[in-house]
Amino acid sequence: MDDMPRELSYAQAIQEAMAIAMERDERVFLMGEDIGVYGGAFQVTGDLVERFGTDRVMDTPISELGGAGVAVGAAVTGLRPIFEFQFSDFATLGMEQIVNQAAKMRYMLGGEVSVPVVMRFPAGSGTGAAAQHSQSLEAWLGHVPGLKVIQPATPHDVKGMLLAAIEDPDPVMIFEHKLLYKMKGPVPEGYYTVPIGKAEIRREGNDLTIVATSIMVHKSLEAARELEQEDISVEVIDLRTIRPMDREAVIASVRKTSRLLCVYEGVKTLGVGAEVSAMIAESEAFDYLDAPIMRLGGAETPIPYNPELEKAAVPQVPDIVKAARDLVKGAR
Amino acid sequence: MNKAAKTVGGTSGENRPFIYREYSPEQLKGALRKMYLIRQFEEGAEESYMRGLIHGTMHLSIGQEATAVGVCLPLAEQDQIASTHRGHGHCIAKGAEISRMFAEFFGKTTGYCKGRGGSMHIADVNSGNLGANGIVGGGIPIAVGAALTAKRLKTGNVVISFFGDGANNEGAFHEALNMASLWKLPIVFICENNNYGMSTSVERSTAVKYISERAAGYSMPGVTIDGNVVSEVAEAVHAAVSRARRGDGPTLIEAKTYRHRGHSKSDRNRYRTREEIDDWVTNRDPIKLFEAELKEFGIIDEQGIASIREETKSEIEAGIEFARNSPSPDVVDLERYVYTEPA
């Protein structure tokens, strides 16, 4: 905080985390489509292949199911693979290995093995890539016991949480919003971890709690700054991990503010916000609520191509401002 | 090749099938013993199921013992296997203990998976069995991953990927074979072709006549062998394992065999004839075939066979007894093993 902190982009922070992990541990290696000389579809692996060679920055054929399975098998037998799905949408092709194998193997075998695999998922809309390259499927994986699912929102967190994920003995799924890749922020040098399963209060406030994930954290902070002009004091919680969820942090905040708005990009119905809302409804914080719980999530449509439609399909800052204002002013 | 082993077992040794040249009489009798263990284990499991001691379902490999035993015969202890839903035989052949397998089937804490896996997820990581798999083809990419580890860490291990004929039409099979060949990984793919994926015959499900033809598409050797003849299986696997250990990459072996029982406990056997089943049971039973050879070459006599059978029978009885007397998991431990507990 005292000196001018070094800034990196979110993508650079991921790359630095992977490089540090590979330097520290021979067992760590990267697998994925076009992550070698191409540098990854979003240039996240960049030039790592030049530094670590093709054995440790390993291009795979376009075989998401097989590739994910190879990563699982390598993890079970002693390596530490980081598998990149080129787009999170392609998780659909690898679901068998993620859900039936990676998530369950330790349990099915009575704790005799662990599956220390990390899978990376570039996610989200806003790039004009339309319906099959823009989804936010984190809630799908968040529904599966055995997986840990994280959504770091800042360069600082993505580096620390990825390093924590690599150290973790269990499978960790990391959803990276594509619009965050170029976002810059302070990132400490060297090795550090940010714990999986802990939310972070990004802004303190008294009138309303916004629980947001990934890019919606930044949109919520922007909305909070606007609402400050109207004397509405918003607390913004960055959930960071959706499984296991930091229930205590959310409950404590809602007890304080008495209002809850969930903001997330995944489709609203049966999404992360549904879980957060239900969790509060079941908790002691319910008695403190002064307004109904509200969710802002993705529209009930595939992500459209047209830029105006695409924007309308996910919560934007004005939507958050309006929802928050309505909740606080009692319009709802 | 073991020179001492080559000379044992009679005068015309050089003309005998592979295993009689390669392995000692003790090893061969051990192989027969394992086949009996598998057969009787499954009969014991089936009976326990009928008596209501085991719940759920199970997939019996009775009739396929020569493949399980023949594949594991040429393996080193530290070599690994990834198995299938019809995997009891693989597990025993690789070296698991009968008692802990029964305990798993009975859902007990002394079972290999502490009662969390059951028949379909039976595993014994210590003897190199990475686990059966409830998903057809699910274990194939995992086996390739294990072979990648072997290559990276230079362990010298070879991995065996077991799967059935049904799996040869899964995408995972094709993706996994391609990568294994591309990266020249130390792995052998064993397709146990028992001619039926549940009720659908290979003829009705598979565009090629021989599943081993698939190997050509992935630039690896492919062979079809009689999976009911131990020596044929062991010979093909021995060659493939040597090739894999040399760093020359994978092989696909299609072992033709037959399951005497139905697919699972719900099977009414409507897709195959009584005559077909009887023919395999009467004329091509792998244990009978192996015994006939062993007797012909003077390695064992009727009395020797009977004493093996008695021995395995009491091992099975003791195993069931152990399982019955073992404790069940405590319900408070329901969520254990979902995640690694902090040290």
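Entry 1: domains of chain A. I note that domain bounds come from an automatic or database domain assignment. I am working with a predicted model. On that assignment, I find chain A divided into domain 1 (7–186) and domain 2 (200–329). I looked up the separation of their centres, taken over C-alpha atoms, and recorded 26 Å. The contact between them takes 24 residues from domain 1 of chain A and 25 residues from domain 2 of chain A. On the domain 1 side, I listed α6 (138–142), β6 (148–150) and β7 (172–177) of chain A, each of which supplies at least two residues. I sorted the residues of that side into 11 nonpolar, 10 polar and three charged.

Entry 2: a sheet in chain A. I traced an open sheet of five strands with mixed pairing, in the order β9-β11-β10-β13-β14. I marked β9 (200–203) and β14 (294–298) of chain A as the edge strands, since each pairs on one side only. Neighbouring strands of this sheet are turned by 25° against each other on average, direction ignored. I then examined one pair: β13 (residues 260–267) of chain A and β14(A) run in the parallel sense and share four bridges. I recorded A:Gly298, in β14(A), as the bridge partner of A:Val267.

Entry 3: helices across the sheet strands. I found helix α10 (residues 272–282) of chain A lying across β10 (208–212), β13 and β14 of chain A, at about 155° to β13(A).

Entry 4: chain B against chain A. I looked up the contact of the two chains, which takes 32 residues from each of chain B and chain A. In chain B, α7 (139–152) and α8 (171–182) each supply at least two residues of the side that touches chain A. I noted that α7(B) gives the most to this side, with nine residues. I sorted the residues of the chain B side into 18 nonpolar, nine polar and five charged.

Entry 5: the largest nonpolar core. I recorded 202 residues in this core, of which A:Ala324, B:Val144, B:Ile187, B:Val188 and B:Ile253 touch the most other members. Helix α3 (residues 25–50) of chain B gives the most to the core, with nine residues. The core also draws at least three residues from each of domain 1 and domain 2 of chain A.

How values were computed:
Residues are numbered from 1 along each chain as its sequence is written. Chains are lettered from A and ligands numbered from 1 in the order in which they are written. This is a predicted model: local features need pLDDT of at least 70, side-chain atom pairs count only at pLDDT 80 or more; totals for chains, interfaces and linings use all residues. Two residues are in contact if their C-beta atoms, placed from the backbone, lie within 7 Å. Ala, Val, Leu, Ile, Met, Phe, Trp, Tyr, Cys and Pro count as nonpolar, Asp, Glu, Lys and Arg as charged, and the others, Gly among them, as polar. A nonpolar core is a set of buried Ala, Val, Leu, Ile, Met, Phe, Trp, Tyr and Cys residues joined through C-beta atoms within 7 Å. A residue is buried if 20 or more other C-beta atoms lie within 10 Å of its own, exposed if 12 or fewer, and partly exposed in between; C-beta atoms are placed from the backbone. Two strands pair if DSSP finds at least two bridges between them. Axes are lines fitted to C-alpha atoms, for helices over the stretch in contact, and angles run from 0 to 180 degrees between N-to-C directions.
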